[in-house]
Amino acid sequence: MLPSTSRRTKRLFALGAGVVAVALAVTGCSSGSGGSGSGDKNYKITFLPKSLGNPYFDTSDKGGETAVTSFKGTYNQVGPTSTSADAQVSYINTLTQQQVGAIVLSANDPTAIGSALTQAKSAGVKIVTFDSDTDAKYRDVFVNQATADGIAKVEVDTIAKEIGDSGEVAILSAAANATNQNAWIDLMKKDLAKNHPNIKLVDTVYGNDDDQTSFDKTAALLQTHPDLKGIISPTTVGIAAAARYLSTSDAKGKVKLTGLGTPNQMREYIKDGTVDEFALWNPEDLGYLAAFAAKALIDGDITGKKGDTFKAGKLGSFTVGDKGTVLLGDPFVFNKDNIDKFNF
């Protein structure tokens, strides 16, 4: 499932500790990147993450800014402070009124923002989702970090290996309505049932991509399930919070933890034995690719139809697949043998 080491290294990572996410005012002021583009092309591209202040989105949006700057567009970032289902609606409406060229967003809910996105599309705004999708009718293209099957498989395979393919496990997710999280969880459940009959999923809890909430949920899992052998946390905030709790608890080294995290976030927990392995893709490349997908839509090079192709700067050429999906690549597994090769 995983690509070769050289391909992974080239394509999948650069997540710098990076840029502090700034909620730009509703006036749509620029963060300082370029002009509005060449000729009559509206390269005003605004990134709308699930929430501001999340290191994952700081990094993905940094990649978007790099891309937009490279083609002399205007990069902005706006967003809510919470990940509630409709928290992004007012931002979409404002950006539509401002007549931006494209909105690049990670959806907090697949349908709650649908009406606002439909109005934006009717006004000529191109809609690119990344990381977490909406229903396909609400956007033009979805830039997927990795296939849902690939993400689910690497997490299940890792926890199964670490607990000897037997025992109780739990999932610490982000928001209960997060599209990507729920897709991965459904596939993990199916994989566990089909291929790991001796592993029992005893609980799924939600930390809402909040550090303290995720920390508290980890503590509660261990209290509620004293025989718990493993936790899967498919969210960068969740896995770091869970690792922080486990690192100072009696469960350190006994309850295995894996999921999706960043090297800089997880390095100390790998080195102190709290965590053996975790996975991720390249968030900075994801944002970079999403920005170039927006440009290709604005240029008319693609429409979101299967088979459309476009170039994404340093990442090369990409082809639109089923349901308007563009795939970045496969997950990469980090462990003590390779984690010091990465700084992000």
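Me: Before we start, what counts as a pocket here?
Reply: A pocket is an open set of grid points where a 1.4 Å probe fits, with protein on both sides within 12 Å along at least five of seven lines. Keep in mind that this is a predicted model.

Me: OK. What volume does the largest pocket have?
Reply: About 300 Å³.

Me: Which residues sit closest to its centre?
Reply: F142, N144, A146, T147 and A148. They belong to a lining of 16 residues.

Me: And which element supplies the largest share of that lining?
Reply: Helix α6 does, with five residues. Elements that each give at least two residues include β5 (141–144), α5 (148–162) and β13 (325–327).

Me: How does the lining divide into nonpolar, polar and charged?
Reply: Seven residues are nonpolar, six are polar and three are charged.

Me: Switching to K306. Where is it found?
Reply: In the loop between α10 (283–299) and β11 (309–311).

Me: Buried or exposed?
Reply: K306 is exposed. Its relative accessible area is 57%, and the cut-off for exposed is over 50%, so K306 qualifies.

Me: What does K306 touch, leaving out residues up to four places away in sequence?
Reply: V320, G321 and D322. With D322 there is also a side-chain polar contact of 2.8 Å.

Me: How far is K306 from T325, C-alpha to C-alpha?
Reply: 8.1 Å, although the two are 19 residues apart along the chain.

Me: Take L289. What is it in contact with, beyond its neighbours within four places?
Reply: V143, F310, A312, L315, F318, V326 and L328.

Me: Last topic, α9. Which of its residues are buried?
Reply: In α9 (residues 263–271), P263, M266, R267, Y269 and I270 are buried.

Me: What do the buried residues of α9 pack against?
Reply: Helix α8 (236–247), plus strands β10 (278–280) and β14 (332–334).

Me: And what comes just after α9?
Reply: G273, with a positive phi of about 85°.

Terms used
Residues numbered from 1 in each chain as written. Predicted model: local features only at pLDDT ≥ 70, side-chain atom pairs only at ≥ 80, totals over all residues. Heavy atoms only, no water. 1 Å grid on protein atoms, 1.4 Å probe; cavity = no way out; pocket = protein on both sides within 12 Å on 5 of 7 lines; lining within 4 Å. Points joined across faces, edges and corners; volume = space filled by probe spheres on them. Helix = DSSP H or I, 4+ residues; strand = E, 2+ residues; numbered from the N terminus. Nonpolar A, V, L, I, M, F, W, Y, C, P; charged D, E, K, R; others polar. Buried < 20%, exposed > 50% of the residue type's maximum accessible area, 1.4 Å probe, protein only. Contact = heavy atoms within 4.5 Å. Polar contact = N/O pair within 3.5 Å; in protein donor to acceptor, adjacent residues only side chain to side chain.
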